[in-house]
Amino acid sequence: MRHHAPDVAACGCAVTDAGSARKALAVDPEIKARNLKRLRRIEGQGRGLQKMVEEGRYCADVMVQTSSVHED
């Protein structure tokens, strides 16, 4: 039986292994900007969740926000 690797979105880069620090080469600036924007949005949602928990917000509201973070 043959196993297939799961589909993975391409990151748009090539990798060099110069020494111990691997670096991405030729990264598409649009892809990089899009990824950074998404990471910032996720980070903000995470901070929102922390604040909701600290404030003792209603569990259902926290779960709705958690679901929103999971979708991103």
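User: How many residues does helix 1 have, and what distance does it reach from its first C-alpha to its last?

Analyst: This is a predicted model. Helix 1 covers residues 29-54, which is 26 residues. Its end-to-end C-alpha distance is 37 Å. At 1.5 Å a residue, 38 Å is expected, and the helix comes close to that.

User: Which residues of helix 1 are buried?

Analyst: Take relative accessible area under 20% as the cut-off. Ile31, Gln45, Leu49 and Met52 are buried in helix 1.

User: What do the buried residues of helix 1 pack against?

Analyst: They pack against helix 2, residues 59-71.

User: How do I read spacing along a helix?

Analyst: Start from the general rule. An α-helix has 3.6 residues a turn, so residues three or four places apart point the same way. Now the case here. Glutamate 43 and arginine 47 are both in helix 1, four residues apart, or about one turn. The two form a salt bridge, with their closest N and O atoms 3.6 Å apart.

User: How many salt bridges does the structure hold?

Analyst: One. For a salt bridge the nitrogen must lie within 4 Å of the carboxyl oxygen. The pair of arginine 47 and glutamate 43 has 3.6 Å.

User: Are arginine 47 and glutamate 43 buried or partly exposed?

Analyst: Arginine 47 is partly exposed, because its relative accessibility is 47%. Glutamate 43 is partly exposed too, because its relative accessible area is 48%.

User: What share of the chain is buried?

Analyst: Of the 72 residues, 8% are buried. The accessible surface is about 6500 Å². Carbon and sulfur atoms hold 55% of that surface.

User: What share of the contacts joins residues 24 or more positions apart?

Analyst: Count contacts with a separation of 6 or more. Residues 24 or more positions apart account for 18% of them.

Note on methods
Residues numbered from 1 in each chain as written. Predicted model: local features only at pLDDT ≥ 70, side-chain atom pairs only at ≥ 80, totals over all residues. Heavy atoms only, no water. Helix = DSSP H or I, 4+ residues; strand = E, 2+ residues; numbered from the N terminus. Expected span 1.5 Å × (residues − 1). Buried < 20%, exposed > 50% of the residue type's maximum accessible area, 1.4 Å probe, protein only. Contact = heavy atoms within 4.5 Å. Salt bridge = Lys/Arg side-chain N within 4 Å of Asp/Glu carboxyl O. Areas by Shrake-Rupley, 256 points an atom, 1.4 Å probe, with all protein chains shown as cover.
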